[in-house]
Amino acid sequence: MKGNEAIAEAAIRAGCLHFFGYPITPQSEIPEYLSRRLPELGGCYVQSESEVATSHMIYGAAGVGTKVMTSSSSPGISLMAEGISYLAGAELPVVIVNIMRAGPGLGGILPAQSDYAQTTRGMAHGDFRLIALAPASVQEAVDLTILAFDLAEKYRTPVILAGDGVIGQMMEPVVLPEATVGPPLKADDWALTGCVGRKPRKVSSMFLDPDELNAHNFKLKARFAEIARNETRFEAYACDEPLDLLVTSFGISARICRSAVDAARSEGLKVGLFRPITISPFPMDALREIIGRSQRVLDVEMNTGQMLHDVEMAAQGRCPIDFFGRCGGLIPSAEGILEQIRASLAQLPKGGVP
Amino acid sequence: MMKPTTEILLAGFGGHGMLLSGRLLAQAAMEMGSQVSWLPAYGPEMRGGTANVAVCIARDQVGSPYVECPHILVAMNAPSFDKFAPKVKPDGLIVYNEGLVPNPKQRADCTALCVNAQEVAIAAGNIRAANLVMLGVLVGATELVSDDAVIAAIESEFAAKARFIPVNVAAYRAGVAHGKDGRCAQSA
Amino acid sequence: MNKVFSYADALIRKPFHYCPGCTHGTIHRLIAEVIDELGIRERVVGISPVGCAVFILDYLRCDMFQASHGRAPAVATGAKRCRPDLVVFTYQGDGDLAAIGTSEIVHAANRGERITVFFVNNAVYGMTGGQMAPTSVPGQRTTTTPHGRNTETDGYPVNMSEMLAALHTPAYIARVSMHAPKEIIAARHVVKKAFEHQLAGRCFSFVEFLSTCPTNWGMTPVESLRWLEKEMLPYFPLGEIKVPPADDTGGRMP
């Protein structure tokens, strides 16, 4: 299946029957697919007037206790910033797919990982962090879409699925969960469903009392810390032995790095790959441990070096970090990364590798 | 070669159907138990210009689905040939459409096969099946997948428009025959 | 002894924080009374705006959203599409609906969302301290039009009701005023009709209330009512501006 369609179908299998969105390349297959399927299943598809409106439609949908998703690409996600802040403030579970393209501004429509910083640092005004999942294959896009709905519900938070144009447009074989349509959202204790036999409820991000807002901010922070403890996911590939070089990368660029790492290892080079699957919360401790037994790090991204800051934080200056990035829709080739791996290894002190 | 993966780039104008050829190839390989990826270039060029798709076929796992230097190029027209032929890996295979690539700049280190795809497609019953002719030449020459698997993929693809199945199968088989002949461009 | 007046059940018993002479309280009360009359309190989900009326959240005894500035119609769309059994209304001011939220209101109306919108137009920005609104009248002095609204640079007041009525999509659209008891009684009927159109699944419904802001207009409450009548009515004619064909379902939801 094509990545975008696989994400759309995975959402249905997760129990999402309501979608609000605005078309934008390279993710339009998601709304197209769902506009066909959801009405058949008794759900709804609404093409909004803008991504600003979208972000508030999903606020309304989640607020009445509905499992809901939207999808967009980079410029559209910027327009959703307002709603995302309200969703975070009101603690509403939604899934937002960002099939990233190259920016800034209108940029281009080709694949990029240009929104790492935006995605992992809260995305909008106020003081909050969100869960962000970065798939490296179509199968993983399916699995993480389903996980995204689970985490959104469990922690009452928006969850971002951070893909890119390659993931969205690529076709690969996938295995889907058997359930045709997953269960509805469990929201009995907070959703606005009409106050039959109970006190009225509010869905709001408004806290005019500074003490209350302070408490709310720290509550959200504590929840994110809990998520970091329980839900951090990563792949450490060929990282068991001490390494001369650790390659760090996420999403599709990590997939390409894996080919380069395989090639390097077939030449006898001691190279491993660390790939965060939750780019937020970032698997800081796991990476720090592996960097602790690596001589050098090469960070590879389809941007100018955004995850690099997290890698630097994990390294705490313990070893040198090189960076290799391609932007604008260019995709690093495995051959190009292999060259960088060799160049990084050439920087190691001669014969000094234990 | 870096990995036990065969990387194929299929290129033509938008409307030539090379994306479909690639999908049929990937589908056939998948049904035969291989791991596959199909990655179209969806950039501005797909709006009225060249359209190309990278297909990777691997025994185990497809690493990078992004193909810069393919093992095999299938070029439907001159712009695709000119753009991608120089990037084919040494000892690679280039299948091109001699009807639309009048002056191919040959690579000494690659095998080249040519066919007049539109002519063969017309003979098979429909000029629009030229993409299936190209796919046939590729499969005939390489035996990457079985004819049965490709034909099953064609039948599944056109399930809703079954009347197009025979002409597409015929075009594919005609291409396979050309591919098995291994007619070399230089000698054409 | 007959009880002739009491709190609406849908209204929480606490004093309004609104300034003396402000008509928000009256409009809240009209809505609450109609909710009671129709017996829909336990089905209602209201959406409060950004602006003075954000606190309607604390005054109505029903489930309530707080929405971002101007986006209440989008929130209402999300809620109503997912739970068509709910009775969903928004309550929005003139900055909210006629400036920052024009896109959301136009498209919610155009999609024919089965929601009810209460639009409170007092020709000024209240919460932020008396700046020009899109509905301020020509020559009106505000803190950002110290010499009066200049139609050359600021344009004319925006007629939201007429703009929305121009759409092909069937809708119920009416403008009422809070400047006299007779008008307030008429407004109550319109509020009821608006809810009834939603309850019948018939169409989008929209009620514009001409309202006062004595504090920011710099007037007494009584002067404000006279000013509304004299200065606003010429630009904002009252009445039902658009009614749906009785049996028109807008192409969906029989």
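Two residues are in contact if their C-beta atoms, placed from the backbone, lie within 7 Å. This is a predicted model, in which local features need pLDDT of at least 70 and side-chain atom pairs count only at pLDDT 80 or more, while totals for chains, interfaces and linings use all residues. Residues are numbered from 1 along each chain as its sequence is written, and chains are lettered from A and ligands numbered from 1 in the order in which they are written.

**View 1. The three chains and their contacts.** No contact joins chain B and chain C, and their closest C-alpha atoms lie 30 Å apart. Two pairs of chains are in contact, and chains A and C share the most contacts. The model scores ipTM 0.96 and pTM 0.94.

**View 2. The side of chain A that touches chain B.** Here 21 residues of chain A are in contact with 19 residues of chain B. Helices H8 (165–169), H10 (251–266) and H13 (334–346) of chain A each supply at least two residues of this side. The largest share, six residues, comes from H10(A). Helices (H or I, at least four residues) and strands (E, at least two) are DSSP runs, numbered from the N terminus. By class, this side of chain A has 11 nonpolar, five polar and five charged residues. Ala, Val, Leu, Ile, Met, Phe, Trp, Tyr, Cys and Pro count as nonpolar, Asp, Glu, Lys and Arg as charged, and the others, Gly among them, as polar.

**View 3. A sheet with strands from chains A and C.** Eight strands form an open sheet of mixed pairing, in the order S7(A)-S2(C)-S1(C)-S3(C)-S4(C)-S8(C)-S7(C)-S9(C). Strands S7 (202–203) of chain A and S9 (239–242) of chain C stand at the edges with a single partner strand each, so one side of each is left without a neighbour in the sheet. Two strands pair if DSSP finds at least two bridges between them. S7(A) pairs with strand S2 (residues 63–66) of chain C in the parallel sense over two bridges, and Val203(A) stands opposite Phe65(C).

**View 4. Helices H3 and H4 of chain B.** H3(B) (residues 117–124) and H4(B) (residues 130–142) pack at an angle of about 110 degrees, with their axes 8 Å apart. Axes are lines fitted to C-alpha atoms, for helices over the stretch in contact, and angles run from 0 to 180 degrees between N-to-C directions. Among the residues that meet are Val120(B) in H3(B) and Met134(B) in H4(B).
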